[in-house]
Amino acid sequence: ALWNDPSYVVQQSAAKSLGKLRTPAARDTLIRAMASHPESRVRQNIAKGLASFEEDERAAAALAKALREDRSYYAAAEAAAALGKVHAAGVVDALTTGLSRDSHDEAIRRGVFDGVAECRDPAGLTVATEWAAVGRSNRVREMAVKSLGKLGFWAETRTRLKVLSTLGTPARDPDFTIRRGAAWALGELGEPGGRAVLREMIERD
């Protein structure tokens, strides 16, 4: 069904089902399809299927390759988001390669920060902080800001407090989308000190 069904919707469902199996054979089928399936909408679901294979180096390598090379911006973006969920070694380095790719509506860079948010590797905080700064595209900044909160949740207390301090700047940003991202990130971070920042945001807005 993944290859032969005339409906791409059925092919998408097949990709999701293979991911749920979590067997080596299912993984290998998805890896082959990630590289060569002709329908980009199906490749997006193939990436989602590969996200089920946590700590699997082969799945991670296939997603990293798709992030670098897939001709569809949206398939590459989905590969980035899935790559973070695999939680394989070196995931942050693999994700940052996608930041060099321009795409419509910053789809790929936004996908990279979806992946960073999911990777649970504190190394991602450095790149997220860099891209959350003023001067970057606001479409990407919002996602970078949001990733700080979700990723910071998994860090040690000292690092979480540093993330809380960092979020104080986007919380006061003149752009609504950046403030929205900061509010979301503060909720994900879960630090008690974030309540005061959120109250200030409510009073200002």
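Which residues in the largest nonpolar core touch the most other members?

1. The model is a predicted one, and the comments that follow should be read with that in mind. In its largest nonpolar core, which holds 61 residues, the members that touch the most others are Ile46, Leu50, Leu63, Leu83 and Phe113. Helix 4, which covers residues 57-69, gives the most to this core, with 7 residues.

2. Once residues up to four places away in sequence are set aside, isoleucine 46 touches Leu2, Ala15, Leu30, Ala33, Met34 and His37. Two of these contacts, Ala15 and Leu30, come up again where helix 1 meets helix 2.

3. Two packed helices are described by the angle between their axes and the distance between the axes. For helix 1 (residues 8-21) and helix 2 (residues 24-36), the axes come within 8 Å and cross at roughly 145°, and the crossing is left-handed. On the side of helix 1 the residues that meet the partner are Ala15, Leu18, Gly19 and Leu21, while helix 2 brings Ala26, Thr29 and Leu30.

4. Helix 12, spanning residues 194-204, has Gly194, Val197 and Met201 as buried residues. Seen down the axis of helix 12, these buried residues fall within an arc of 60°, and therefore they line one face of the helix. They pack against helix 10 (157-167) and helix 11 (176-189), whereas the face turned away from the buried side carries Arg195, Ile202 and Glu203, which are exposed.

5. Turning to the charged pairs, the count of salt bridges comes to 17. Among them is the pair of arginine 41 and glutamate 39, whose closest N and O atoms are 3.0 Å apart; arginine 41 counts as partly exposed because its relative accessibility is 36%, and a residue is called buried under 20% and exposed over 50%. Salt bridges also link Arg27, Asp28, Asp56 and Arg58 in a network.

6. Which parts of the chain does the pair of arginine 139 and aspartate 105 link? The side chains of these two residues meet in a salt bridge, at 2.8 Å from N to O. Arginine 139 is in helix 9 (residues 138-152) and aspartate 105 is in the loop between helix 6 (91-96) and helix 7 (107-118), so that the pair links distant parts of the chain, 34 residues apart. Arginine 139 is partly exposed, with a relative accessible area of 33%, and aspartate 105 is likewise partly exposed, with 37%.

7. A further salt bridge joins the side chains of aspartate 173 and arginine 141, at 2.9 Å from N to O. Because aspartate 173 lies in the loop between helix 10 and helix 11 and arginine 141 in helix 9, the pair ties together parts that are 32 residues apart in sequence. Is this pair buried or exposed? Both aspartate 173 and arginine 141 are buried, and arginine 141 counts as buried because its relative accessibility is 4%, against a cut-off of under 20%.

8. Leaving aside neighbours within four places in sequence, arginine 141 is in contact with Trp131, Ala132, Ala133, Val134, Arg136, Asp173 and Ile178. One of these contacts, Asp173, is the salt-bridge partner of arginine 141.

Methods. Residues are numbered from 1 along each chain as its sequence is written. This is a predicted model: local features need pLDDT of at least 70, side-chain atom pairs count only at pLDDT 80 or more; totals for chains, interfaces and linings use all residues. Side-chain values use heavy atoms; hydrogens and water are left out. Buried means under 20% relative accessible area, exposed over 50%, partly exposed in between (1.4 Å probe, protein chains only). Helices (H or I, at least four residues) and strands (E, at least two) are DSSP runs, numbered from the N terminus. The arc is that of the directions from the helix axis to the C-beta atoms. Contact means heavy atoms within 4.5 Å. A nonpolar core is a set of buried Ala, Val, Leu, Ile, Met, Phe, Trp, Tyr and Cys residues joined through side-chain atoms within 4.5 Å. A salt bridge is a side-chain nitrogen of Lys or Arg within 4 Å of a carboxyl oxygen of Asp or Glu. Axes are lines fitted to C-alpha atoms, for helices over the stretch in contact, and angles run from 0 to 180 degrees between N-to-C directions. A crossing is left-handed if the near helix is turned anticlockwise from the far one by less than a right angle, and right-handed if clockwise.
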